[in-house]
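This report covers the fold and the charged side chains of one protein model. Please read it beside the sequence and the coordinates.

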Amino acid sequence: MPDLKGKVAIVTGCASGIGAATVRRLRADGAEVLGTDMNADGGAALCAETGAVFAQQDVADIALWTAIVAQAVERWGRLDILVNNAGTVSALSIEDVTDDAWDRIFDINVKGTMAGCRAAIAAMKANPGGSKGAIVNIASTTAMAALPTDVAYSSSKGAVRVLTRSVAVHCAKEGYNIRCNTVIPGATDTGILTHAEGVTPGLKAAVAKTSPLNRLADPAETAAAIAFLVSDECPYMTGAEMLVDGGMMAIHPGF
Ligand SMILES: NC(=O)c1ccc[n+]([C@@H]2O[C@H](COP(=O)([O-])OP(=O)(O)OC[C@H]3O[C@@H](n4cnc5c(N)ncnc54)[C@H](O)[C@@H]3O)[C@@H](O)[C@H]2O)c1
């Protein structure tokens, strides 16, 4: 297991699914964690259970990002890790999508991720002993093989992939010891497959079959990849993408 003792992390979307599993995993690996979510009850409960600290945050509220990062730095004296995990779906095709729905998805999935990177880098550059940090942004296999039923979500996750690369190469070229990588989950057993707007009752069972492993991922399996990427185990990995999709993107569509 990666050793994250002495590291300070922020994880967004901590109230459920992959975010909750990531808080659990980073805490188990020794990190101090500030978990954030729009859902105050769920986020506070998860953080109390794991010994993390909770802050309510809508990641699309760009002005709030500086205060969230400052909260971690004031409490623990540094910031080493940011996991931009919070995300949402819309279930609207190119013919149905409204300007407002498109903007909301991009504000959360893309602008929120960008603002998180920007605020975190400012803090990571100022870490005692010199710049150091690791950021993981969460994309989706829908950024590789698009959903006809959700044009905004697929497009936003495509943007997250390129945003990650731009952040990674900027930090490298500036000589910062700050890495930025993407984790690309496939079908994962979380609330987004059951409770999200526009989701149909059979979706979970249907998407499980799209993986050659013939099952959904447990969010803890995704959290394991995130924990590796934010650890000191992979100092040469930046601008990279790690698929956690049970082989979904590896199989020929004819099989
Ligand atoms: N579950 C999957 O199959 C799957 C596949 C690919 C990618 N993802 C991505 O994984 C990430 C986590 O999703 P999940 O599957 O764990 O879903 P989830 O619905 O279980 O968790 C998402 C969390 O994000 C929070 N959130 C939503 N909008 C927010 C906002 N504006 N500000 C702060 N918090 C907000 C929600 O309250 C929730 O706690 C998302 O970025 C999602 O797009 C999920």
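The text below treats the overall build, then the salt bridges, then a charged surface patch.

The model is predicted: local features need pLDDT of at least 70, side-chain atom pairs count only at pLDDT 80 or more, and totals for chains, interfaces and linings use all residues. Residues are numbered from 1 along each chain as its sequence is written, and side-chain values use heavy atoms, with hydrogens and water left out.

The protein has seven helices and seven strands (DSSP runs numbered from the N terminus: H or I of at least four residues for helices, E of at least two for strands). Their order along the sequence is β-α-β-α-β-α-β-α-β-α-β-α-α-β. Along the principal axes, the C-alpha atoms occupy a box of roughly 50 × 35 × 35 Å. Of the 255 residues, 51% count as buried (under 20% relative accessible area; exposed is over 50%, partly exposed in between; 1.4 Å probe, protein chains only).

The whole structure contains twelve salt bridges, where a side-chain nitrogen of Lys or Arg lies within 4 Å of a carboxyl oxygen of Asp or Glu. Three of them are tabulated here.

| Salt bridge | Closest N to O distance |
|---|---|
| E32 and R27 | 3.6 Å |
| K132 and D232 | 2.9 Å |

R161 counts as buried because its relative accessibility is 15%, whereas E241, at 30%, is partly exposed.

In the pair of K132 and D232, K132 sits in the loop between α4 and β5 and D232 in the loop between α7 and β7, 100 residues apart. Both are partly exposed, K132 at 29% and D232 at 47%. K7 joins K132 and D232 in a network of salt bridges.

E32 is partly exposed at 31%, and so is R27 at 24%.

On the surface, D99, D100, D103 and D107 form a patch of negative charge (residues with over 30% relative accessible area and no salt bridge, like charges joined within 9 Å). D100 belongs to helix α4 (residues 99-125) and counts as exposed because its relative accessibility is 63%.

How values were computed:
Patches are made of residues with over 30% relative accessible area and no salt bridge: like charges are joined within 9 Å, nonpolar side chains (Val, Leu, Ile, Met, Phe, Trp, Tyr) within 5 Å. Accessible areas come from the Shrake-Rupley method with a 1.4 Å probe; for residues, only the protein chains shown count as cover. Lys and Arg count as positive and Asp and Glu as negative; His and the chain ends are not counted. The place of a charge is taken as NZ of Lys, CZ of Arg, CG of Asp or CD of Glu.
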